[in-house]
Amino acid sequence: MTLDERGTVDAQGPYDTPLLQVDDLHVTYRTRSGDVPAVQGVTFTLERGGSLGLAGESGCGKSTLANAILRLLPTGTQVDGSVLLAGQDILAMKPGRLRSVRWTEGAIVFQGALHALNPVQQIGKQIAEPMLLHRTQPSKGAAARRVRELLEQVGLPGDRARSYPHQLSGGQRQRVLIAMALACEPALLLADEPTTALDVMVQAQVLALLADLRGEHGLSMIFITHDLSVLTDVCDSLAVMYAGRVVEEGPSDRVFRSPQHPYTRALAAAFPTIGDPASRLRPAGLAGDPPDPANLPGGCAFHPRCAVAEDRCRTTTPVLAPVAAGRRAACLLVEAAP
Ligand code: SF4
């Protein structure tokens with residue numbers, strides 16, 4: 001493990017361990033009406049420079065999982081398991097160290113940039129703030145130069161630093177949030193539905209930008225969306241979540257082109273493939289809503305919506321099992337690989 005001059009662990013090293021290791025992660029919200037299990041037993045590894053897409057409908061645990069990785073959950077939330085970022089135990093970290101890690105080693109981009117930015121402060125000052133706070137730039141002048149650089153990296157003119165959020169379009173504001181997340185050069189970028197609020201053209205631009213930044217800076221990325229087709233464009237691997245669990249995972253193109261789990265199949269059919277007009281005619285294929293995490297069905301949580309459910313699906317909970325090289329699925333009807 002390497003230490004830099006601030007006495008912090010360098011997230012670029014050591015190179016012989018994965019950047020992120022999440023092991024048997026459970027997240028339970030404590031509410032007045034009882035415990036709500038939002039994430040149940042999620043395990044994955046993200047290599048340096050790798051990208052993982054988390055897919056699933058709203059309420060399936062994707063955002064909770066992303067927030068748990070940087071401990072951005074409400075006070076009192078029960079989190080069990082292990083999250084190691086560059087070998088550091090995030091769940092055991094002291095608050096001061098954690099604040100620094102959230103900018104310098106892992107950063108998150110939320111959807112809805114208008115609400116994430118301060119409406120009465122110029123965007124340049126907002127981007128410079130974490131750099132000065134975490135002393136990744138030695139002076140205000142150096143931070144201002146870095147702000148211009150960052151704005152240009154995300155495709156905005158440097159003099160936009162003097163703009164206020166309301167003077168920018170939705171796509172420009174989302175770019176500002178990405179610039180802000182990159183300010184302290186984190187090794188890991190978590191992008192939580194960063195393009196959901198944007199129109200299709202701007203969405204494509206922001207996705208291309210994220211892919212370029214990943215290539216240029218060797219960023220590792222976790223990208224969250226309900227749209228499987230978006231994930232296959234920007235991620236190497238995919239994990240599909242349902243009712244707080246991963247129900248299918250594997251290389252993104254193979255999961256999208258030959259989904260094994262009935263839920264993944266429904267998700268893949270529910271969205272048109274870019275460049276394939278015929279796919280727009282496919283039925284949505286998925287009726288109803290995901291279950292309330294506070295009141296999950298027994299057995300396979302997907303069984304009330306599953307078109308091929310059998311009686312045993314009501315009582316037996318499937319576990320993730322290998323179905324092919326590098327692929328796993330949690331379905332009683334999917335044959336495990338020998
Ligand atoms: Fe459907 Fe049963 Fe498979 Fe669950 S275990 S996805 S209900 S077939």
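So, the shell around the ligand: eleven of its residues are nonpolar, two are polar and none is charged. Keep in mind that this is a predicted model. In total, 13 residues surround the ligand. The closest are Cys300, Cys306, Cys313, Cys331 and Leu332. And where does the ligand sit? The space it takes up is the largest cavity.

Okay, on to a helix. H6 covers residues 170-182, which makes 13 residues. From its first C-alpha to its last, H6 reaches 19 Å, and that's close to the 18 Å you'd expect at 1.5 Å a residue.

Is H6 mostly buried or exposed? Well, eleven of its 13 residues are buried, so the helix is largely enclosed by the rest of the structure. Among the buried ones you'll find Gly171, Arg173, Gln174 and Arg175. The run from Val176 through Ile178 to Leu182 is buried too, with Leu177, Ala179, Met180 and Ala181 in it.

Now have a look at strand E3, residues 51-55. Here five of five residues are buried. Both faces are covered: Ser51, Gly53 and Ala55 sit on one side, with Leu52 and Leu54 on the other.

So which strands does E3 pair with? One is E8, residues 220-225, running parallel to E3 and joined to it by five bridges.

Technical notes. Residues numbered from 1 in each chain as written. Predicted model: local features only at pLDDT ≥ 70, side-chain atom pairs only at ≥ 80, totals over all residues. Heavy atoms only, no water. Near = heavy atom within 4 Å. 1 Å grid on protein atoms, 1.4 Å probe; cavity = no way out; pocket = protein on both sides within 12 Å on 5 of 7 lines; lining within 4 Å. Sits in = over half its atoms within 2 Å of the grid points. Nonpolar A, V, L, I, M, F, W, Y, C, P; charged D, E, K, R; others polar. Helix = DSSP H or I, 4+ residues; strand = E, 2+ residues; numbered from the N terminus. Expected span 1.5 Å × (residues − 1). Buried < 20%, exposed > 50% of the residue type's maximum accessible area, 1.4 Å probe, protein only. Pairing = 2+ DSSP bridges.
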